[in-house]
Structures are given as structure tokens and as C-alpha cells.
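Me: I would like to go through this model with you. Could you take my questions as they come?
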Amino acid sequence: MAQTQRSREEIAQRGKALYADRIRAQVETEENIGKMVIIDVDTEDYEVDPSGLESARQLHAKRPNAQLYGIRIGYRAADAIGGAMERTTP
């Protein structure tokens, strides 16, 4: 599969769509709430871990030029500075 260079906005848009349409139902479990899911927007591979760092490393080991998108499972944002993070699920 030939890789298409995408802008940050395109990566985010594709990552959000993949998460909503295919990945959320598989990973949004009680034990994963608060963990990070990192998605390769080209291959649709994904990994889950507490910080997202190990997942990104694993996906880059498979494909060094992978274009990755990350989201914190069960939250609207990946991180918060000086505020509270809002959950998307009860």
C-alpha cells in the first residue's frame, strides 16, 4: 500500500473517523478507560497502553513512516493542562 502524506488536520480527521467507526467499540472497556489508543491512519492498526508512548514505538517499528493519531479512551481530549478532563462515557 502506497503511503499518502497527509496534513496534521487530515491525520486527525481520519484518526477520529477510524476511532468512531471501527475502534471505539473494541477498546472502550472499563479496564481501558483513561489509556491511550494510537492509530496508524494508513493501515488502521492500533495499539493501547497507559501513555501511548509504547504503542507509538510499536507501530513505528512495524512502519517507520507511520502517520499516527492518538486519543485517550473515554475522554474528549488526550491531556489537560490546569483543568479537568471531561469523560465521554459515564
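Me: Where is glutamine 67 found?
Reply: Glutamine 67 is found in the loop between helix H2 (53–62) and strand S3 (68–72). Helices (H or I, at least four residues) and strands (E, at least two) are DSSP runs, numbered from the N terminus. This is a predicted model, in which local features need pLDDT of at least 70 and side-chain atom pairs count only at pLDDT 80 or more, while totals for chains, interfaces and linings use all residues. Residues are numbered from 1 along each chain as its sequence is written, and side-chain values use heavy atoms, with hydrogens and water left out.

Me: Is glutamine 67 buried or exposed?
Reply: Glutamine 67 is buried, with a relative accessible area of 7%. Buried means under 20% relative accessible area, exposed over 50%, and partly exposed in between (1.4 Å probe, protein chains only).

Me: Which side chain does glutamine 67 join in a polar contact?
Reply: The side chain of aspartate 42, at 3.2 Å. A polar contact is a pair of N or O atoms within 3.5 Å; within protein, one must be able to donate a hydrogen and the other to accept it, and residues adjacent in sequence count only if both atoms are side-chain atoms.

Me: And which side chain meets aspartate 42 in a salt bridge?
Reply: That of arginine 6, at 2.3 Å from N to O. This pair links distant parts of the chain, 36 residues apart: arginine 6 is in the segment before helix H1 (8–27), and aspartate 42 is in the loop between strand S1 (36–40) and strand S2 (46–49). A salt bridge is a side-chain nitrogen of Lys or Arg within 4 Å of a carboxyl oxygen of Asp or Glu.

Me: What about burial for those two?
Reply: Aspartate 42 is buried, with a relative accessible area of 8%, whereas arginine 6 counts as partly exposed at 24%.

Me: Why can such side chains pair?
Reply: Side chains of opposite charge can pair when their charged atoms come close.

Me: How many salt bridges are there in the whole structure?
Reply: A search finds eight. Among them, lysine 62 forms one with glutamate 47, with the closest N and O atoms 3.4 Å apart. That pair also links distant parts of the chain, lysine 62 being in helix H2 and glutamate 47 in strand S2, 15 residues apart.

Me: Which residue meets arginine 57 in a salt bridge?
Reply: Glutamate 54, at 3.8 Å from N to O. Both lie in helix H2, three residues apart, which is about one turn of the helix. Arginine 57 counts as exposed at 54% relative accessibility, and glutamate 54 as partly exposed at 39%.

Me: Which residues do salt bridges with shared partners join into one network?
Reply: The network consists of Arg6, Asp40, Asp42 and Arg63.

Me: Changing topic: how many residues has the largest nonpolar core?
Reply: It has 13, and those with the most contacts inside it are Tyr19, Ile23, Val37, Ile39, Tyr69 and Ile73. H1, S1 and S3 each supply at least two residues of this core, and the largest share, five residues, comes from H1. A nonpolar core is a set of buried Ala, Val, Leu, Ile, Met, Phe, Trp, Tyr and Cys residues joined through side-chain atoms within 4.5 Å.

Me: What does tyrosine 19 touch?
Reply: Not counting residues up to four places away in sequence, tyrosine 19 touches Arg24, Val27, Glu28, Val37, Ile39, Ile71, Ile73 and Gly74. Contact means heavy atoms within 4.5 Å.

Me: Finally, in what order do the elements run?
Reply: From the N terminus on, they run α-β-β-α-β, with two helices and three strands in the protein chain.
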